[in-house]
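The exercises below concern helices and strands in one structure. Each has a task sentence, followed by a solution in steps.

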Amino acid sequence: MTDTATAGRERAPASLFGRIGAQNISLLIALVVLLAIFGVLRPDVFFTPRNLINIGLAVTILGILAMAQTVVIVSGGLDISVGSIVGLSTMVLAVAAQETGSIPAGILAGLLAGLLAGAVNGLIIVYGPVNAVIATLGTMSAFRGLAYLMNNGNSIPITGDSLRALGIGTLFGLPFAIWLLIAAMAAFIVFTRETVVGRNIYALGGNPTVARLAGIPIRRYQISIYAMSGFAAAVAGLVLASRTMSGQPASGSQGLELEAITAAILGGCALQGGKGTIIGAMLGVLIIGVLNNGMILTSVPTFYQLLAKGALLILAVIVQERQRARSGE
Amino acid sequence: MTVPVVSVEGVSKRFGAVQALRDVSVAFNVGEITALIGENGAGKSTLMRVLEGEHRPDSGRVLVDGQPVQLSSPRAAHGSGIRVIHQEPEIIPELTVAENIFIGDIKARGGIFLDRADLERRSLDLLRTFGVVDVLSPGQRCHGLSPALRQLIEIMRALRPGARLLAFDEPTSSLTEDEAQRLFRVIRRLKADGVAVIYISHRLREIIELADRCVVMRDGSRVADEPIAALDEQRMVRLMVGRPVSDLFNRKERALGPVRLALEGVTTRRVDGISFEVRAGEIVGLGGLVGAGRTEVARAIVGLDPLLSGRMAVGGQPYRPREPADAVAAGIGLVPEDRKQEALLFMQAVRDNVSLVVPDKVSRYGFFSRRRERALVARHVAELRVKTPSIEQAVGKLSGGNQQKVVFARWQARGPAVLILDEPTRGIDVGAKAEIYRLIESLADQGLAIVLISSEMPELLGLADRVLVMQSGRISGELPWQEASEEAVLALAMRSDKKAIERRVS
């Protein structure tokens with residue numbers, strides 16, 4: 001049996017997370033084109049270090065959400081409540097910090113709130129059972145309502161130097177938030193590529209029946225994945241709160257779910273599950289970040305920006321479906 | 001010479017690595033019943049898919065009334081008068097019997113409103129013709145109908161005006177003897193009306209009784225096309241298999257070890273009071289008709305269907321699974337019936353598919369050791385002689401036989417005590433089948449306790465040490481291999497079916 005596989009001549013491990021190539025290269029090209037366009041339109045500002053750091057800061061929150069969203073989508077789900085959880089967690093942070101007078105206690109409470117909100121999503125989805133889109137559409141409204149309820153719809157100012165330091169501090173010339181994003185990215189990449197749990201999530205999204213029959217406890221996985229998504233949203237909320245020094249029930253977090261999902265899909269996540277990469281999602285995030293920044297610099301009115309972002313999501317899905325049809329999957 | 005109603009000329013079709021059809025030519029004539037036989041995976045279903053416009057042949061052509069046609073869609077095929085009645089009827093449960101029969105051809109009054117009176121009249125005519133007016137009424141919803149009745153509805157649907165070629169894909173696999181005879185009367189009348197009939201079945205006796213001509217397929221090729229008078233059962237089998245069936249199996253005495261799996265009065269929503277034991281080194285066959293509850297026994301054992309009552313034990317320890325994960329942990333492996341939907345991640349590599357059930361053996365502290373994983377997978381893949389260019393190949397690109405070997409390799413890697421095989425050779429060509437049989441035998445030699453569910457009689461009779469026959473969710477009898485014959489199994493599978501039918505219909 002000459003063509004039988006033997007241990008000696010295996011290629012490098014690739015296939016499960018492989019094919020990183022083609023799709024990411026086209027994303028890189030899109031990114032370069034965008035950079036070129038805005039560089040030409042605003043040569044005075046766009047490529048200044050200051051503006052590049054601005055883009056980096058702007059994509060921190062989105063990046064964390066998009067990476068978590070990627071894991072959720074790979075598992076075959078969707079979480080559209082993340083924007084609301086960001087808002088909710090900043091409010092919990094602010095209230096807890098106010099009540100206890102301690103910033104660390106506030107941060108802890110905010111993170112816990114996000115974890116809990118995510119777990120609630122997971123429990124509804126698994127034990128309802130409720131379709132993930134519907135469940136998180138419901139909690140998107142419910143969590144936002146909860147955030148408004150905490151202070152009658154108003155934001156809560158936070159005072160505390162440690163939080164401010166987190167917001168404006170730098171290390172080796174880069175803001176803390178960007179370091180946080182880099183650390184999160186490393187963690188997500190290792191998680192999805194090198195761990196058993198990460199790989200099982202690809203199996204779960206690829207075919208839940210197969211995964212279940214192979215002995216993967218899929219309910220526990222699903223609940224944990226949404227809890228993780230909620231926690232990531234709370235981390236994003238922490239970044240937001242440290243920058244605004246306030247608990248914000250809506251401002252700064254509304255519409256984040258749209259951008260996070262767009263980035264993940266731009267990055268190659270299949271809504272059917274089982275496919276998607278962290279690196280792809282981060283490229284998607286950079287594209288959105290550059291687009292946002294460039295549109296502001298070139299004075300595109302906000303309303304057009306919304307229009308453009310919506311169109312981008314739909315375009316990303318169309319491109320992906322075309323590719324899928326062509327590859328005959 | 002008269003022109004055939006439909007004929008195929010030199011049709012070939014390839015799916016990935018599998019040559020499903022190889023230069024096949026057959027003509028179907030007016031008023032003739034052509035039997036189409038061959039093992040699973042021989043290409044019968046693919047040929048049907050070509051005829052009904054689901055698949056386009058890679059080469060060759062289809063002619064209707066001597067004229068080449070493009071059967072580019074099921075609708076086009078339907079328009080040409082070609083109708084295929086599938087083994088698993090597509091019945092919409094929420095619609096009534098009449099609506100299901102005439103779906104797509106429901107007359108409307110004033111162009112908008114359902115003409116229920118017309119619908120009822122037309123379907124009553126059909127129900128009378130089939131002699132089932134006492135069990136089916138036009139206004140009845142199809143929810144919960146028995147397989148036999150659903151099949152009947154599908155047949156009535158196909159009989160709508162314009163049918164020139166009717167193909168029956170294993171229509172009797174879920175029918176009782178009485179129902180089958182009724183179906184044969186209908187088919188003979190169709191023949192008398194000048195319809196060309198294709199009849200696919202594994203029941204050779206039926207074919208001799210019913211057909212005028214027999215086309216035999218093997219590995220995608222047409223290997224024989226002869227008048228039925230020139231054939232007997234033995235010759236048909238030899239043509240299908242390509243060699244005498246007995247060569248496929250090596251029966252030998254195996255020393256049986258302790259009881260590995262025990263079921264006592266196991267009852268779920270779909271099976272009732274199932275009790276049996278499987279010993280180390282034993283192959284216990286589960287026989288019966290499609291829908292008799294064999295797969296449901298497997299589902300109960302692996303924790304997919306909750307137990308309503310009864311007890312199970314694995315290796316002498318009480319065992320009550322709530323999730324398939326519990327079954328895997330207890331040392332039970334399942335090779336499911338549907339490879340694509342239940343067993344394999346088609347898009348992912350052989351490596352991922354094999355190591356899926358052995359995370360502990362390929363990782364440390366939850367992190368993969370690629371080196372260990374590759375070594376482990378490569379070893380089992382080589383041991384089972386899976387033909388793949390590399391363990392990084394996507395499983396979906398392999399042939400059916402090699403896909404199935406990957407599923408076996410997965411469990412080999414895990415080393416379970418009990419293995420449940422649900423139709424382990426479905427959709428696999430003859431050569432690979434023989435390999436799978438040898439593999440199953442060697443697994444039993446190694447002391448695994450094996451439950452074998454199979455609809456293929458030769459396989460069931462050739463491999464199992466004893467056969468439990470199921471009917472309507474219960475075990476209706478047990479046969480040691482020395483007494484297990486096709487007749488004996490069928491007799492138990494269809495025993496006192498009347499009661500069962502009444503239960504299913506009501």
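**Exercise 1.** Find the handedness of the crossing of H4(A) and H10(A), and describe the contact by residue class.

*Solution.* The crossing of H4(A) and H10(A) is right-handed. A crossing is right-handed if the near helix is turned clockwise from the far one by less than a right angle, and left-handed if anticlockwise. By class, 19 nonpolar, nine polar and one charged residues make up the contact of H4(A) with H10(A). Ala, Val, Leu, Ile, Met, Phe, Trp, Tyr, Cys and Pro count as nonpolar, Asp, Glu, Lys and Arg as charged, and the others, Gly among them, as polar. Helix H4 covers residues 103–127 of chain A and helix H10 residues 218–244 of chain A; their axes come within 7 Å and cross at roughly 145°. Axes are lines fitted to C-alpha atoms, for helices over the stretch in contact, and angles run from 0 to 180 degrees between N-to-C directions. Helices (H or I, at least four residues) and strands (E, at least two) are DSSP runs, numbered from the N terminus.

The model is predicted: local features need pLDDT of at least 70, side-chain atom pairs count only at pLDDT 80 or more, and totals for chains, interfaces and linings use all residues. Residues are numbered from 1 along each chain as its sequence is written, while chains are lettered from A and ligands numbered from 1 in the order in which they are written.

**Exercise 2.** Give the strand order of the open sheet of six strands in chain B, and name its edge strands.

*Solution.* The order is S6-S9-S10-S3-S11-S12 (chain B), with mixed pairing. Two strands pair if DSSP finds at least two bridges between them. The edge strands are S6 (82–85) and S12 (221–227) of chain B, each pairing on one side only. From one strand to the next, the twist averages 20°. Inside the sheet, S3(B) and S11(B) run parallel and are joined by four bridges. Thr34(B) has Arg213(B) as its bridge partner in S11(B).
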